[in-house]
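Thanks for coming. I have one model to show today, so let me put it up and then talk through it.

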Amino acid sequence: MSREAPHKSMGFFGMYMDACKITVLWKKLFSQIVLATILPLTILYLSDIQISKFILGNTFQDNKRTKWIAFGITRFVYSILILIFYLFSTSSVVYSVCCFYTSKDPNLKRVVGIFSKVWGRLLVTFLLLFFILAICTTVYLGLILLFVASFHGRKVLAFIICLTIPYFIVFLYMTTVWNISMVISILEKDYGRKALVKSMRLIKGKIWVSSFIFIAVEVIFTGMSIGFYSMVLGRKKLNLVGKIFVGIIWYLLSAYFLHFYLVIQAVVYFVCKSYHNEDISNVAAHLEVSHESFVRGNERV
C-alpha cells in the first residue's frame with residue numbers, strides 16, 4: 001500500500017478510505033495504542049452514568065452532605081482521568097499518522113513517549129477552545145431563557161429556531177477548528193491562540209468537507225453511546241452474563257471507532273496542508289530533535 005501524502009483534491013470518501021488504509025496497514029501498532037490508551041478512555045466515558053448512579057444511590061445514605069462531597073470529588077477525578085487519556089490517545093494516534101505520511105516506522109514506546117513532550121501545549125489548546133465553546137453555549141442558553149421568560153407562544157419557537165441555526169453553524173465550525181488545532185499543537189510548535197488561528201487558515205477551502213467528516217463520526221459515536229446505555233445499562237431483557245458479554249463487545253467497538261476518529265482527524269489536517277501546498281516533510285521535526293537528544297543522552301549514561 002502507498003504511503004504517499006494525501007492529495008489536496010481528496011474529498012469526503014477519499015479521506016475515510018485513507019484513514020482505513022492507515023489503520024489496516026499499521027493494525028499491530030494501532031491495536032497496541034487502543035489497548036494502552038483508548039480502551040481505558042472508552043471504559044471511563046461509557047461508564048460515566050453507572051458510576052454516578054452508584055455514588056448517588058448506594059453510598060452515604062444517611063449523610064447527604066457527605067454523599068455530594070464524594071460525588072463532587074469523584075467527578076473531579078473522573079474529569080482529570082478522561083482529559084489525561086484523551087490527550088494521551090490523541091498525541092499517540094496523531095503522531096503515528098504523521099510517521100505514516102513521512103515514511104517513518106515508529107514503535108509503541110516512541111509514539112507513547114511523544115505525550116511527555118506535547119501534553120502542555122495540548123492542554124492549553126484544549127482549555128482555550130473549551131472555554132470559547134462554553135461561552136458560546138452559555139450565551140445561547142441565556143438568550144433563550146431570557147426570551148422564554150419574556151414572551152410566549154409562536155414568538156418563542158421562532159426565536160429559538162432563529163438563534164439555534166447560527167449557534168449550530170458556529171458550534172460546528174469551532175468543533176472543526178478544535179480538531180485541527182489539536183493536531184497542530186502536537187505536530188507543530190504553535191499552540192493555544194496561534195494553533196487556533198492557524199487551524200482557521202488551514203481549513204479554508206476544505207471547511208465543508210472537513211465539517212461533514214466530523215459530523216458523521218460524531219453522529220456515529222453518539223449512536224454507539226446511546227446503544228450502549230440502552231443495551232447494557234438499560235432495562236433490556238439481558239441477564240448479568242449477557243450484559244457483561246455485550247458490554248465488553250461494545251467497549252472494544254467503541255474504542256476502535258474512537259481510534260478511527262483520531263486517525264481521520266490527522267488525515268484531515270494533512271489534506272488541508274496539501275491543499276495549501278505546504279510541505280509536510282518537516283512536520284514534527286521539533287519532536288524528532290527532542291527524541292534524538294533523549295536517545296543520545298541515554299547512550300552516554
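First, the ground rules. This is a predicted model, in which local features need pLDDT of at least 70 and side-chain atom pairs count only at pLDDT 80 or more, while totals for chains, interfaces and linings use all residues. Residues are numbered from 1 along each chain as its sequence is written, and side-chain values use heavy atoms, with hydrogens and water left out.

Overall fold. The protein chain has 11 helices and zero strands. Helices here are DSSP runs of H or I with at least four residues, strands are runs of E with at least two, and the numbering starts at the N terminus. Of the 301 residues in the chain, 44% are buried. Buried means under 20% relative accessible area, exposed means over 50%, and partly exposed is in between, with a 1.4 Å probe and protein chains only.

Two helices deserve a word on geometry. The expected span of a helix is 1.5 Å times one less than its number of residues. H4 has 38 residues and reaches 55 Å from its first C-alpha to its last, close to the expected 56 Å. H4 is followed by Ser-103, which has a positive phi near 60 degrees. H10 is followed by Asn-277, also with a positive phi, near 55 degrees.

Now the core. A nonpolar core is a set of buried Ala, Val, Leu, Ile, Met, Phe, Trp, Tyr and Cys residues joined through side-chain atoms within 4.5 Å. The largest one has 79 residues, and those touching the most other members are Met-15, Val-97, Leu-187, Val-267, Tyr-269 and Phe-270. Helices H1 (12-25), H2, H4, H6, H7, H8, H9 and H10 each give two or more residues to this core. Which helix gives the largest share? That is H10, with 18 residues.

The largest pocket holds about 1,100 Å³ of space. Of its 29 lining residues, the closest to the centre are Tyr-45, Tyr-86, Phe-126, Trp-178 and Glu-218. The elements giving two or more residues to the lining are H2 (27-46), H4 (64-101), H6 (115-150), H7 (154-187), H9 (207-233) and H10 (240-275). By class, the lining has 18 nonpolar, eight polar and three charged residues.

The terms, for the record. The search runs on a 1 Å grid over the protein atoms alone; a pocket is an open set of points where a 1.4 Å probe fits, with protein on both sides within 12 Å along at least five of seven lines, and lining residues have an atom within 4 Å of a point. Grid points are joined across faces, edges and corners, and the volume is the space filled by probe spheres set on the points. For the classes, Ala, Val, Leu, Ile, Met, Phe, Trp, Tyr, Cys and Pro count as nonpolar, Asp, Glu, Lys and Arg as charged, and the others, Gly among them, as polar.

Salt bridges. The whole structure has six of them, each being a side-chain nitrogen of Lys or Arg within 4 Å of a carboxyl oxygen of Asp or Glu. Lys-273 pairs with Glu-188 at 3.4 Å, N to O. That pair links distant parts of the chain, since Lys-273 is in H10 and Glu-188 is in the loop between H7 and H8 (193-202), 85 residues apart. Lys-273 is buried at 6% relative accessible area, and Glu-188 is buried at 10%. Lys-273 also meets Glu-278, at 2.8 Å, and Glu-278 is partly exposed at 22%. Asp-190 and Lys-198 have their closest N and O atoms 2.9 Å apart. Through shared partners, Glu-188, Asp-190, Lys-198, Arg-201, Lys-273 and Glu-278 form one network.

Last, some single residues. Ile-186, in H7, is buried at 0% relative accessible area. Its C-alpha is 10.0 Å from that of Leu-87, 99 residues away in sequence. Phe-85, in H4, is partly exposed at 21%; its C-alpha lies 7.1 Å from that of Ile-38, 47 residues apart along the chain.

Questions, please.
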